[in-house]
Amino acid sequence: MNFLAHLHLADISGTHLTANLAGDFAKGSIIDHPKHLQQGIWLHRQIDVVTDSHEIIIDLLKQFPKSSRRVAPILIDLAFDHYLAYYWEEYHHQSLQDFTQKAYQCMQTTQQLPEKLQHIIPKIVQQDWLSSYQSKQGLNQAITGISQRLSKPELFNSAIKDVDKLYIDIEIAFRTFYPQLMAYSRIYSRKTPAEYLDSI
């Protein structure tokens, strides 16, 4: 899952939005991170484990051509954010605009975030990354953007074309898998180990 999905899953599970987002940037032992971030980091990691091991995702990865196979997990994450934004009203009671503004406010006010996340939050907010996923153009821009931030951008040379060819297959996978992931996130949030809960 990418940014919008992790924020959405945090919200519906009643956990801290930015703490869940921090999971992509928080390395090492959870206990080494600030207490108010620990549950979100833990939940983020559980969501990633469920996603990476699910047969729907494994089967979808196999459909990508060899040219994009190494970056296919990233492309699926971005495409899932696109479909979540596109079908947003089916998955959340707030409008996408209202939710993204709430998420941006949370990002800007949460303290002690991992340095890399702190560094990109201004860009996320200013360029309105979360809402931009709603369009196909926004998805393509996200793919281009992430390719420019990684050390081997050439791995993304055919990424947009390959995602376009699998557009319907990815949509079917999302529509089938994401409701299951919503249920998992609610269950796991209730099973958070006590040492990762912020009592304040």
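**View 1. Ala159 in helix 10.** Ala159 belongs to helix 10 (residues 159-165); helices (H or I, at least four residues) and strands (E, at least two) are DSSP runs, numbered from the N terminus. The model is predicted: local features need pLDDT of at least 70, side-chain atom pairs count only at pLDDT 80 or more, and totals for chains, interfaces and linings use all residues. Residues are numbered from 1 along each chain as its sequence is written, and side-chain values use heavy atoms, with hydrogens and water left out. Ala159 is buried, at 0% relative accessible area. Buried means under 20%, exposed over 50%, and partly exposed in between (1.4 Å probe, protein chains only). Ala159 touches Ser68, Leu75 and Ile143, leaving aside residues up to four places away in sequence; contact means heavy atoms within 4.5 Å. Ser67 is 92 residues from Ala159 in sequence, yet their C-alpha atoms are 8.1 Å apart.

**View 2. Gln94 in a loop.** Gln94 sits in the loop between helix 5 (72-86) and helix 6 (96-109). With a relative accessible area of 22%, Gln94 is partly exposed. Trp88, Phe99 and Lys102 touch Gln94, not counting residues up to four places away in sequence. The side chains of Gln94 and Lys102 also make a polar contact of 3.1 Å. Such a contact is a pair of N or O atoms within 3.5 Å; within protein, one must be able to donate a hydrogen and the other to accept it, and residues adjacent in sequence count only if both atoms are side-chain atoms.

**View 3. The Phe3–Phe25 pair.** The structure holds 12 aromatic pairs. The ring centres of Phe3 and Phe25 are 6.2 Å apart and the planes meet at 40°, so this pair is tilted. Rings of Phe, Tyr and Trp (its six-membered ring) pair if their centres lie within 6.5 Å; planes under 30 degrees apart count as stacked, over 60 as edge-to-face and the rest as tilted. Phe3 lies in helix 1 (residues 3-12). Phe25 lies in the loop between helix 2 (17-21) and helix 3 (35-53), 22 residues from Phe3. Both Phe3 and Phe25 are buried.

**View 4. The Trp42–Tyr188 pair.** The rings of Trp42 and Tyr188 have centres 6.2 Å apart and planes at 75°, so they pair edge-to-face. Trp42 is in helix 3 and Tyr188 in helix 11 (residues 167-190), so the pair ties together parts 146 residues apart in sequence. Trp42 is buried, at 11% relative accessible area. Tyr188 is partly exposed, at 25% relative accessibility.

**View 5. An aromatic cluster and two charges over rings.** One aromatic cluster is formed by Phe80, Tyr83, Tyr91, Tyr167, Phe174 and Tyr178. The charged end of Lys136 sits over the ring of Tyr167, 4.3 Å from its centre. Arg175 lies over the face of Tyr87, 3.8 Å from the ring centre. A charge sits over a ring if NZ of Lys or CZ of Arg is within 6 Å of the ring centre and within 35 degrees of the ring normal.

**View 6. The setting of the close-ups.** The protein chain has 11 helices and zero strands. Its C-alpha trace spans about 50 × 35 × 35 Å along the principal axes. Buried residues make up 51% of the 200 residues. Of the contacts with a separation of 6 or more, 71% join residues 24 or more positions apart.
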